[in-house]
Amino acid sequence: MGFFSSKPDYSKIRTKKHKAEEKPQAPWVKWVKFGIVTTLYLLFLLWVKSWWGLLVVPFIFDAYITKKIKWTWWKELDTVPRTIMSWVDAIVFALVAVYFVHNFFFQNYKIPSSSLEKTMLTGDYLLVSKLSYGPRIPQTPLTMPLTQHTLPLFNCKSYIEWPQWEYRRVKGLGNVQLGDIVVFNYPAGDTVAVNFPYDLYEHCYERGLEVAAATGVSFENPADLSTEQQMRQYERIYAMGKSYVTANRFQYGDIITRPVDRRENYVKRCVGLPGQMLEIKDKVIYVDGKPQAQPELVQFNYRVYTKGNQILTDDICAELGISDEDRDHLFDEYNGMPLTFQAKAALEQMTALIDSIVEIKDGYFGRLYPLDHDYGWTRDNYGPILIPKKGQTIPLTMENIAIYERPIRAYEGNTLDVRNGNIYINGKVADSYTFKMDYYWMMGDNRHNSADSRYWGFVPEDHIVGKPLLIWLSVSEDLNPKSSGIRWSRLFKYVGNIK
């Protein structure tokens, strides 16, 4: 009975076996490992200039030298809990590694819309380098890796708003250049309705006008009003629209604010740098008075008239790079169909199919920036507008205050009011302002189908995320079988070569 009732202590046997399998390590090896890891870590702290990180050094010393803390205590557990903890340990390590890579080096970005077509295609997956312009120190450091602002499945915030750190960017490999394709946080995304994926500010103005028309409220023609009167009138319109959105919370969801680095990511082309004067004349961008070359695959909208209302075949669309989304606008008299110069020229040669192609000029695509003033600008004839530069002092007048109101107030944290023909910043009369940040002007290459700086204004430097390096995957969801599936020709295409 004693023989059968005695049970061996497998945990002790396993522990002894585990220890027996451990190979003795020369003392100098652990010091070399500690030296390499510590040196790399200190170089990282020097780069990001965050000396609070020195608090971690004693733990690195213990992990490699003293080993007072049992970092792998779970290895002495029984089989099942040991297996579970090994997975937990691996997942935590992976999340921490991903967190640092994502914040300081690279991140993935998927092109969600056609605003950059045909330069960037919907369904392109980009490897975005944060080293190109220098990574930002996270402003909301406590966030779930690989999420922007919402936790999948749970549909709640994926970040904790405290602590909030001041904007700071560490030194990168260069600066944003004219013509660069840039990923940035959506500037108008500071205030959003959680169930409404579009620009809430523009929507409130549009909805306010609709509410006014439905309730018999009339407004003056903006052209007949002074700047101050326009701003007051648009304040009323916006308030009516926002009241409607708030009253219909079941449709729009709660109205919330988001920190800069938790706002939606956008990708556009930089067409204007800090300190430059930008103007659009008849679709051509002028910077400091000089016309800029159009991107090779720039698109504009045209009315395409086919003979006998023929449609464009799958073969023609595949050959000319016309997507299903584009082809759907073939008979759209109002918006027209987006075409590159090359596709337009090719269609004009198809005389048996095409009757005529008519250029669309100054079509309406939404309210233009600034939303609370009407300068008479259009999407094809816009400006001139001076892009603020860090340290630059710009005179403020009643003619330009609507342009610079949002950067001064929303991006640089000042109070601003216009009363009796005077401009007040932080309660004091001001006739100029010195900007604290650089600003950029971003536009899509699909010029007539791009929500860009013409609609929501300047992109502050603290919104810049990084520069796309290459397309690592490209998937088309077109119904056209000739252009659906993986676009093999775009895989590992270097974005820097796309002009």
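## A buried lysine and an exposed asparagine

Lysine 283 is buried, with a relative accessible area of 6%, where buried stands for under 20% relative accessible area, exposed for over 50% and partly exposed for what lies in between, computed with a 1.4 Å probe on protein chains only. This lysine 283 sits in the loop between β9 (277-281) and β10 (284-287), and its phi is near 80 degrees, a positive value in a residue other than glycine. Most residues other than glycine have a negative phi, and most peptide bonds are trans.

Asparagine 155 also has a positive phi, of about 55 degrees, although it is not a glycine. Asparagine 155 is placed in the loop between β3 (150-151) and β4 (156-157), and at 64% relative accessibility it counts as exposed.

## The model and its overall make-up

This is a predicted model, in which local features need pLDDT of at least 70 and side-chain atom pairs count only at pLDDT 80 or more, while totals for chains, interfaces and linings use all residues. Residues are numbered from 1 along each chain as its sequence is written, and side-chain values use heavy atoms, with hydrogens and water left out.

The protein contains 13 helices and 25 strands, which are DSSP runs numbered from the N terminus, helices being H or I with at least four residues and strands being E with at least two. Of its 499 residues, 44% count as buried, and the C-alpha atoms fill a box of roughly 100 × 65 × 45 Å, taken along the principal axes. Among contacts (heavy atoms within 4.5 Å) between residues at least 6 apart in sequence, 72% join residues at least 24 apart.

## Helix α3 and its two sides

Helix α3 (residues 27-48) has 22 residues, which at 1.5 Å a residue should span 32 Å, and this agrees with its end C-alpha atoms being 32 Å apart; the expected span is 1.5 Å times one less than the number of residues. Its buried residues are Phe34, Thr38, Tyr41, Phe44, Leu45 and Val48. Seen down the axis of α3, these fall within an arc of 115 degrees, so they line one face of the helix, the arc being that of the directions from the helix axis to the C-beta atoms.

The buried residues of α3 pack against α4 (57-66) and α5 (79-104), whereas the face turned away from the buried side carries the exposed residues Trp28, Leu40 and Leu46. After α3 comes lysine 49, whose phi is positive, near 55 degrees.

## The packing of α6 and α7

Helix α6 (residues 200-215) and helix α7 (residues 227-247) pack at an angle of about 95 degrees, with their axes 7 Å apart. The two helices α6 and α7 are therefore roughly perpendicular to each other, a term for angles of 65 to 115 degrees. The contact includes Leu200, Tyr201 and His203 of α6 together with Tyr234, Ile237 and Tyr238 of α7.

## Two cis peptide bonds

The peptide bond from glutamate 117 to lysine 118 is cis, with omega near 0 degrees, and lysine 118 is found in the loop between β1 (106-110) and β2 (124-129). Another cis peptide bond joins tyrosine 369 and proline 370, with omega about -5 degrees; proline 370 lies in the loop between β14 (354-359) and β15 (382-386).

Note on methods. Axes are lines fitted to C-alpha atoms, for helices over the stretch in contact, and angles run from 0 to 180 degrees between N-to-C directions. Angles under 35 degrees count as roughly parallel, over 145 as roughly antiparallel, 65 to 115 as roughly perpendicular and the rest as oblique.
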